[in-house]
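I opened this model to look up a handful of local features and wrote down each one as I went. The entries follow the order in which I looked.

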2 protein chains.
Amino acid sequence: MATIYEVSEAAGVSLATVSRVMNGNTKVSDRTRKKVETAMAELGYQPNAIAQSLASNRTNSVGLLVSELHGSYFGDLMSTVEQALKQYGKHVIITAGHVDEKREHDAIEFLKSRRCDALILHAEAVSDEYLTTLCKSDLPVVVINRKVDGLDDHCFVVDNEKGGYLAAQAAIQQGHKEIGYISGPKFKKDASDRLAGHRRALTEAGIEAKDDHIFEGDFHESSGQEGMHYLKQHFPDITALICANDEMASGAMTAAREAGLEIPQHLSIVGFDNVLFSRYLYPKLTTINNPIQSLGEMAARWVLKNVYDTKINHAIEHLFVPEVVERHSLSKR
Amino acid sequence: MATIYEVSEAAGVSLATVSRVMNGNTKVSDRTRKKVETAMAELGYQPNAIAQSLASNRTNSVGLLVSELHGSYFGDLMSTVEQALKQYGKHVIITAGHVDEKREHDAIEFLKSRRCDALILHAEAVSDEYLTTLCKSDLPVVVINRKVDGLDDHCFVVDNEKGGYLAAQAAIQQGHKEIGYISGPKFKKDASDRLAGHRRALTEAGIEAKDDHIFEGDFHESSGQEGMHYLKQHFPDITALICANDEMASGAMTAAREAGLEIPQHLSIVGFDNVLFSRYLYPKLTTINNPIQSLGEMAARWVLKNVYDTKINHAIEHLFVPEVVERHSLSKR
DNA sequence: ACACTCTTTGTAAGCGCTTACATTTCAGTG
DNA sequence: CACTGAAATGTAAGCGCTTACAAAGAGTGT
């Protein structure tokens with residue numbers, strides 16, 4: 001593999017000149033530039049990004065931490081972030097934390113050791129303190145889908161409480177009064193926020209928010225099934241079921257159908273997230289749009305603006321508001 | 001950020017010694033090791049992976065090219081590869097090629113410039129020649145889901161022809177005789193292989209393989225819908241529909257339902273790939289399992305074995321055989 | 001006490017670039 | 001034609017590591 005040195009020899013110029021035509025930040029006469037470019041082409045020269053990074057202390061890569069590499073939610077996120085950065089010649093290095101404190105921590109340390117220019121974190125398991133320390137260091141960091149006190153301009157979040165509120169409100173507006181809820185793990189901030197919104201909507205509508213109508217799931221499909229079984233068995237008069245994410249809604253749908261319930265005739269179901277497959281479901285799932293792509297794009301923009309001094313027209317927003325996506329799984333009582 | 005030099009000072013040893021305790025490949029006395037480790041801990045030292053790579057000419061990272069970062073198929077692939085490599089302390093750098101020759105090419109060049117130790121490519125758009133050249137270079141390369149002549153031990157593939165055959169056979173065994181087919185883009189090898197298998201099954205069963213029963217889609221959901229419309233309109237007597245992937249099967253299901261057809265009572269549908277969401281569909285999709293995860297895992301093993309000299313017990317297989325996953329969308333005619 | 005071997009540690013060159021600073025080139029001027 | 005200063009190019013230090021090689025220590029046997 002040719003090095004810059006060989007190029008400089010072939011072109012009959014110094015190393016520095018070759019470096020200059022590569023980076024284009026210093027004036028080089030047209031004649032020399034031509035010579036260098038020819039030499040590069042002839043040798044099939046390809047700069048060694050590692051050496052460039054070491055010398056310039058800039059890697060042109062942004063670390064992205066997600067919880068999983070599969071699943072619609074993270075797929076959408078990765079895709080958006082990658083697209084946004086690629087436009088400006090920046091690359092993402094993706095790692096998965098698997099919602100485990102140690103693994104998230106390791107993944108972040110890995111990204112740091114690779115000397116990413118910035119970090120975009122969808123971190124669910126590490127502590128607020130750790131994130132705070134990280135943000136205070138000189139490595140630029142943004143946090144997605146999690147609000148950490150004191151780090152507001154580093155956080156990009158969805159108003160989960162409002163989302164929970166909207167879902168419940170949608171059901172109430174259709175005349176439902178006996179409403180079941182399958183929540184995410186309550187220790188997760190987004191799960192508890194959604195639930196809080198749900199409760200608020202019920203209360204405002206004068207409906208008692210009964211604790212035993214709430215089943216705590218784990219955001220996975222199977223717990224949606226479990227939740228459905230539980231609720232159907234104990235509270236057969238429930239006419240609407242709200243799930244804290246689409247995966248669980250899908251599980252609940254399956255379980256409901258197996259129990260002989262038609263959706264939405266016998267039971268209305270509302271999801272949350274609006275992941276891609278929610279429209280593959282039958283009936284198509286009424287859900288709350290979680291603008292994860294907007295979050296990702298905004299986070300990428302923040303990095304471009306604050307780290308790479310790219311001129312970005314759009315303003316940087318930190319709070320995103322979810323909305324109802326009306327499809328076919330919710331109907332009048 | 002502390003450097004190795006500062007650690008060596010703090011520990012009162014030379015640079016080389018610090019490097020040795022980090023890499024653990026040379027004997028260092030226990031006493032010195034302790035001193036160094038203490039100094040590292042005190043300084044919160046974190047090796048600079050970039051500098052390590054430059055000096056050692058090894059990055060401990062494997063480049064992975066996929067077509068998209070979202071979607072179940074690639075999600076599963078990325079996830080498996082990452083898991084397999086992480087176990088041995090190796091990392092993946094993921095890039096997307098978007099099934100576009102230039103973008104795939106650029107992505108591969110990017111991975112090369114990052115000096116990955118090996119490349120795992122799910123490349124659909126670049127030419128066979130390019131891949132051949134790549135494999136002949138000294139950078140280890142494996143190709144997933146594509147067979148290139150002369151590169152057999154670098155390729156990991158699914159027997160798509162067999163898969164196509166099995167799907168058709170499954171429908172035939174249920175008594176279907178009028179069978180529609182929604183294919184992928186015929187210029188894609190996997191799409192044409194699947195179709196070839198389909199034809200063979202029909203022929204063997206003494207059913208005429210009518211060309212106009214075949215609709216060429218693009219592997220996306222919408223073209224499944226289009227295909228369904230086309231077939232339903234022109235050949236209303238079709239009782240089974242086979243789709244070259246699950247996305248299109250999903251689209252076809254929606255379109256069928258909108259046209260008032262019950263699945264599988266009025267129309268049986270078979271998919272291909274067995275991506276995660278195929279079991280979220282209603283009715284759950286009968287499909288052909290595409291062992292993409294096995295491919296990914298095997299590719300990772302190949303790299304571990306051939307590049308990192310890891311001792312791997314399992315033999316390396318290059319051809320994977322698909323099988324029918326019986327669910328609820330295919331029934332007796 | 002000495003020569004000899006085996007271990008442990010240090011020295012210094014280099015990996016392939018970037019960039020501050022020094023030097024050369026050359027058009028423009030009086 | 002010598003002189004000036006801006007533009008173009010070159011020189012060399014250094015980014016933070018690894019590793020071949022050299023040197024020093026620690027045992028051994030006589």
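**Entry 1: a helix position.** I began with Q233(B), which I found in helix 10 (residues 221–234) of chain B; helices here are DSSP runs of H or I with at least four residues, strands are runs of E with at least two, and both are numbered from the N terminus. Q233(B) counts as exposed because its relative accessible area is 62%, the scale being buried under 20%, exposed over 50% and partly exposed in between, with a 1.4 Å probe and protein chains only.

**Conventions.** I note that this is a predicted model, in which local features need pLDDT of at least 70 and side-chain atom pairs count only at pLDDT 80 or more, while totals for chains, interfaces and linings use all residues. Residues are numbered from 1 along each chain as its sequence is written, chains are lettered from A and ligands numbered from 1 in the order in which they are written, and side-chain values use heavy atoms, with hydrogens and water left out.

Entry 2: D117(B) sits in the loop between helix 6 (101–113) and strand 3 (118–121) of chain B. Leaving out residues up to four places away in sequence, its contacts (heavy atoms within 4.5 Å) include R58(B), N60(B), S61(B) and Y308(B).

Entry 3: N60(B) is in the loop between helix 4 (49–56) and strand 1 (61–66) of chain B, and it has a positive phi of about 55 degrees although it is not a glycine. N60(B) is partly exposed, since its relative accessibility is 29%. Strand 1 of chain B, by contrast, has six of its six residues buried, with S61(B), G63(B) and L65(B) on one side and V62(B), L64(B) and V66(B) on the other. In a regular strand the side chains alternate between the two faces of the sheet. Six bridges join strand 1 to strand 2 (residues 91–96) of chain B in parallel, and V62(B) has V92(B) as its bridge partner; pairing requires at least two DSSP bridges between two strands.

**Entry 4: a histidine in a loop.** H154(B) lies between strand 4 (141–144) and strand 5 (155–158) of chain B and counts as buried because its relative accessibility is 18%. A polar atom of its side chain is 2.8 Å from the backbone oxygen of V141(B). Among the residues that H154(B) touches, I noted C135(B), W302(B) and H318(B).

**Entry 5: an open sheet in chain A.** Four strands form this sheet in the order 7-6-8-9, with parallel pairing. Strand 7 (214–216) and strand 9 (268–270) stand at the edges with a single partner strand each, so one side of each has no neighbour in the sheet. The twist averages 15 degrees from one strand to the next, with axes fitted as lines to C-alpha atoms (for helices, over the stretch in contact) and angles running from 0 to 180 degrees between N-to-C directions. Strand 6 (residues 179–183) and strand 8 (residues 240–243) share four bridges, and Y181(A) stands opposite I242(A). Helix 9 (residues 189–204) lies across strands 6, 7 and 8 at about 165 degrees to strand 6, and helix 10 (residues 221–234) lies across strands 6, 7 and 8 at about 150 degrees to strand 6.

**Entry 6: backbone geometry.** The peptide bond from I263(A) to P264(A) is cis, with omega near 5 degrees, and a cis bond also joins I263(B) and P264(B), with omega about 5 degrees.

Terms used
Polar contact = N/O pair within 3.5 Å; in protein donor to acceptor, adjacent residues only side chain to side chain.
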